[in-house]
Amino acid sequence: MKEIKPFHEAANPLSDTAARIRQTGRKIIGYPCSYAPEELIHAAGCHPMRLFSSGHGIVQAENHLQSYCCSVVRGILEDSLAGRLDFLDGTVFPHTCDSMQRLSDIWRMNGAYAFFADLVLPVTLNTPSSAAYLESVLARFKADLETALEISITDADLAASIALFNRIRTHLSFIHDFYSRHPGLIRGSDMNALIKGAMIMDRDEAVTLLADVAASLRHMPVPDTPVKRVVLAGSVCDTPDLFDTVEAAGGAVVGDDLCTGQRWFDRLVPEDQPPLTALANRYRERVICPSKHTGLTTRADHLISLVNHTRAHGVLFVMLKFCDPHAFDYPYLKECLDAKGIKSMALEMDDGHWNQGQFSTRIETFIHML
Amino acid sequence: MADTPSTPPKIKAAKKMRDLMTTYYLEALSAAQNHRQVAWITSGGPVEPLVAMDIIPVYPENHGAMIGSAKMGEDLCAKAEDMGYSGDLCAYARADIACAVVRGGPIGGLPKPDMLICCNNICGTVLKWYEIQARYFQVPLFILDTPVCHTGYTPEIEAYVKAQVHAYIAFLEQVTGKKMDPAKMNAVGRLSYEGQRLWQQVLNTTAHKPSPMSAFDAFFFLALIVTLRGTQIAVDFYKELIAELEQRIHDGIGVVPGETYRLLWDNLPVWHRLKWLSDRFSAHQACLVADTYTSAWCGALKYMDENNFLDSMAQAYTRIYLNIGVDEMAEEVLKMIRFYDVNGLVMHSNRSCKPYSFGQMDIMRIVREKTGIPVLMIEADMVDPRSFSQSQAETRIDAFMEIIKQKRARP
Ligand code: SF4
Ligand code: SF4
Ligand code: SF4
């Protein structure tokens with residue numbers, strides 16, 4: 001489908017996308033995590049751009065981060081130090097895991113971009129005091145943007161940005177749902193590209209293209225080849241090869257609990273509330289990352305309901321080496337799946353690199369078991 | 001080598017402290033028989049309300065240190081790995097998670113908790129770890145969320161943590177079915193403040209040359225300010241210890257015979273290699289006079305109001321060493337370098353502890369630029385010996401000491 005092509009190309013190379021955005025006069029603010037309030041950045045007249053590790057070898061980051069740090073954090077720092085992110089005007093670091101926390105410090109201390117902000121979100125998201133705190137943190141970030149850019153962000157600006165991002169989420173949810181019900185309609189790597197691309201490219205462009213993709217889908221012939229339905233769970237998945245391998249083995253990814261997936265676009269920001277409250281409320285209600293807390297069984301409950309909802313046959317955990325929050329949750333999540341008779345397998349990726357041979361065999365075996 | 005004076009006398013208070021800790025653990029282990037409740041709490045967590053409410057606080061991290069010292073870390077960590085926990089996770093957490101199931105370790109496991117108190121001012125690991133234990137023991141978990149102060153303490157953080165201090169007390173009142181006695185809370189707060197002030201004084205004695213004790217001793221004596229903070233026992237003990245250390249200073253007794261070089265240690269101790277490390281450095285007439293770790297239990301004194309403990313608690317517990325930005329940590333290190341007048345910095349790059357270890361390389365650079373003293377980085381893990389190569393550490397320590405000696409020799 002030709003509408004998907006720009007999404008695949010958004011990060012290839014990233015600098016071209018950035019250059020086009022800069023031509024429109026927008027400043028680019030990068031962020032490394034799905035808890036960044038893109039709506040606020042956008043309402044400030046800037047372009048929010050999700051940062052992924054480009055996967056280049058680690059050279060300069062060696063001087064700042066030991067080898068037992070996850071490849072997302074090391075990779076992003078490397079990209080910055082190597083000048084591959086020189087198009088950025090600033091960055092914002094939402095507080096999540098310990099590695100991100102220290103990346104933010106190291107980034108600030110070696111700072112290369114004009115704007116910098118920490119967004120020290122609460123870790124517990126279900127207490128009354130955290131609700132108030134969360135909103136005040138967003139208010140502070142808004143004020144930081146206003147001061148740095150010498151602008152003022154009105155409620156109307158913010159409401160317009162919220163509406164725009166909600167449209168992106170709505171389109172993605174629709175496409176994802178359609179694709180999940182009819183696996184094979186588009187490829188998993190296409191779905192992945194749509195999501196990732198939408199975190200990178202100009203959002204007005206994204207919303208138009210996504211609408212086109214959604215419209216085209218409705219007219220496509222629905223394939224009826226039986227597949228083994230798989231749910232992915234983990235932090236980020238920036239590995240299109242994974243989808244191809246699953247498909248080659250007779251499977252399809254029909255749902256996910258990933259920050260580069262449904263965790264990012266599930267749940268709209270309420271449009272009938274004061275904007276900052278609304279943003280805060282979405283964070284409190286969206287599917288959480290393991291570095292946040294809303295209860296002792298929230299993540300397992302969600303994963304099981306996701307499996308049921310998507311009628312998945314199994315769960316594939318995609319874990320990044322040295323990722324503490326996800327590694328801590330894994331035994332419990334697996335136990336809960338086992339108790340329900342849901343098969344699962346864990347793949348641990350080192351350096352984000354995709355070990356074709358080793359992973360293919362394991363994935364094939366897993367899919368055949370389902 | 002210069003002539004080596006004879007081994008100095010041991011610090012007498014050590015025996016007393018061992019006894020106090022034994023009594024404490026016996027009391028904790030028999031809590032249920034005595035109808036007392038036990039709370040597991042993170043090492044950086046506010047223990048004072050527990051003490052005020054007569055709940056016995058138990059520290060899995062202190063227990064983890066005991067496991068490490070007893071060289072029981074490898075087995076327990078491997079057991080956790082069998083349970084599905086990655087070998088890259090914090091070894092305190094791994095050892096504790098396994099220990100709860102197999103009741104292993106030097107004291108046959110910790111007493112079962114009635115509640116869990118998790119304060120995330122040290123790391124995100126404790127959140128995940130306490131969630132796991134709350135599910136395992138099926139007991140209530142209270143999370144005191146202390147936002148990290150990358151560049152300072154904001155009014156938003158203050159309001160948030162203060163609200164949680166109230167929620168914490170409400171939680172304790174609910175779990176125990178008792179009201180907190182404000183007078184008792186004030187008394188415990190004052191004792192806590194006093195204990196921390198004395199602990200700082202203990203640590204300060206090593207500014208003296210030769211140093212009457214070393215960081216290795218501090219790692220040992222630390223257990224009391226962690227576990228018995230807020231009690232008269234801790235206050236009395238540290239007073240005695242200070243008196244003994246001052247006597248040693250008066251008598252010119254240094255802990256390292258012929259102390260010639262003074263070093264600062266960064267990060268947690270390598271519990272399973274304390275003796276080896278201590279001997280290795282002593283052999284070079286080098287004394288590890290101070291460390292960034294043990295001072296974490298008095299570093300927030302400046303934010304504490306002994307007469308209004310509960311109110312100042314929010315700030316004091318939020319602005320601790322591990323919960324601030326790396327640049328502020330570097331400032332603290334620089335202050336210690338000056339105060340203790342050290343010739344070198346030894347950094348333990350600790351695979352277990354990401355919030356402590358990430359950022360160390362930037363601190364290293366800052367220290368080199370600002371002071372010119374040599375910095376050594378040793379790769380290890382505080383509990384799990386599998387990430388430690390003794391021969392590699394030995395070579396690096398020897399080379400590092402050579403550099404320090406040469407620097408000293410130059411006019
Ligand atoms: S897993 Fe957590 S830290 Fe990583 S992107 Fe998602 S929210 Fe952010
Ligand atoms: S959540 Fe995991 S993968 Fe994401 S930055 Fe943290 S350690 Fe890395
Ligand atoms: S050693 Fe580090 S990671 Fe482990 S519990 Fe302590 S502060 Fe957290």
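Residues are numbered from 1 along each chain as its sequence is written, and chains are lettered from A in the order in which they are written. Because the model is predicted, local features need pLDDT of at least 70 and side-chain atom pairs count only at pLDDT 80 or more, while totals for chains, interfaces and linings use all residues; side-chain values use heavy atoms, with hydrogens and water left out.

**View 1. Here chain B meets chain A.** The contact (heavy atoms within 4.5 Å) draws 53 residues from chain B and 44 residues from chain A. The size of an interface is often given as the accessible area lost when the parts come together. Between chain B and chain A the buried area is about 4,200 Å², with 59% of it from carbon and sulfur atoms; this is accessible area (1.4 Å probe) lost on putting the two parts together, summed over both.

View 2. On the chain B side that touches chain A, helix H6 (residues 125-137) gives the most, with seven residues. Helices (H or I, at least four residues) and strands (E, at least two) are DSSP runs, numbered from the N terminus.

**View 3. Four strands of chain B form an open sheet.** Their order is S2-S1-S3-S4, with parallel pairing; two strands pair if DSSP finds at least two bridges between them. Strands S2 (56-58) and S4 (141-144) of chain B stand at the edges with a single partner strand each, so one side of each has no neighbour in the sheet. From one strand to the next, the twist averages 25°. Axes are lines fitted to C-alpha atoms, for helices over the stretch in contact, and angles run from 0 to 180 degrees between N-to-C directions. Strand S3 (residues 115-119) of chain B runs parallel to S4(B), joined by four bridges; look for B:Ile117, whose bridge partner in S4(B) is B:Phe142.

**View 4. A salt bridge sits within a helix of chain A.** The side chains of A:Asp177 and A:Arg181 meet at 3.5 Å, N to O. Both residues lie in helix H7 (residues 155-181) of chain A, four residues apart, about one turn of the helix. Over all chains, a search of the whole structure finds 46 salt bridges.

Notes. A salt bridge is a side-chain nitrogen of Lys or Arg within 4 Å of a carboxyl oxygen of Asp or Glu.
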